[in-house]
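Student: Please take a close look at one part of this model, its pockets. I would like the linings described along with the cut-offs.

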Amino acid sequence: EYLARQLGVRRLVCEGRATLNYHMLRAGLVDECFITVAPSIIGEPRPRTTVEGEAALATEDVMSLALIFWGVEDEVFLRHQVPSVTPFVE
């Protein structure tokens, strides 16, 4: 609200990690999700995910995204629409 009201920001790209994504989605602040699939093998003891928070979402809170764009170069680029949701709280 501050960014929109005081600074006139209408669109904001948040390039964070899984924890930032979790909190932004939880707050109902995400309308699109961009995912890049890179042909790299990392081999970590704990695999990375797109969204990571305190607990997995309850079944009724799981979001189905709608694919609105895809492109292929050396990587696969996916752009999804996030459904309009009310911020969920525990």
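**Pockets and their linings**

Tutor: The second largest pocket has a volume of about 160 Å³ (the space filled by probe spheres set on grid points, which are joined across faces, edges and corners). The model is predicted, so totals for linings use all residues, while local features need pLDDT of at least 70 and side-chain atom pairs count only at pLDDT 80 or more. Residues are numbered from 1 along each chain as its sequence is written, and side-chain values use heavy atoms, without hydrogens or water.

Eleven residues line this second largest pocket, and Leu25, Cys33, Val51, Met63 and Leu65 lie nearest its centre. A pocket here is an open set of points on a 1 Å grid over the protein atoms alone, where a 1.4 Å probe fits, with protein on both sides within 12 Å along at least five of seven lines; a lining residue has an atom within 4 Å of a point.

The largest pocket has a volume of about 1,600 Å³. Its lining consists of 42 residues, with Cys14, Glu15, Gly16, Asn21 and Phe34 nearest the centre. Two or more residues of the lining of the largest pocket come from each of H1, H2, strand E1 (32–37) and strand E3 (76–81). The lining of the largest pocket comprises 24 nonpolar, six polar and twelve charged residues.

Note on methods
Helix = DSSP H or I, 4+ residues; strand = E, 2+ residues; numbered from the N terminus. Nonpolar A, V, L, I, M, F, W, Y, C, P; charged D, E, K, R; others polar.
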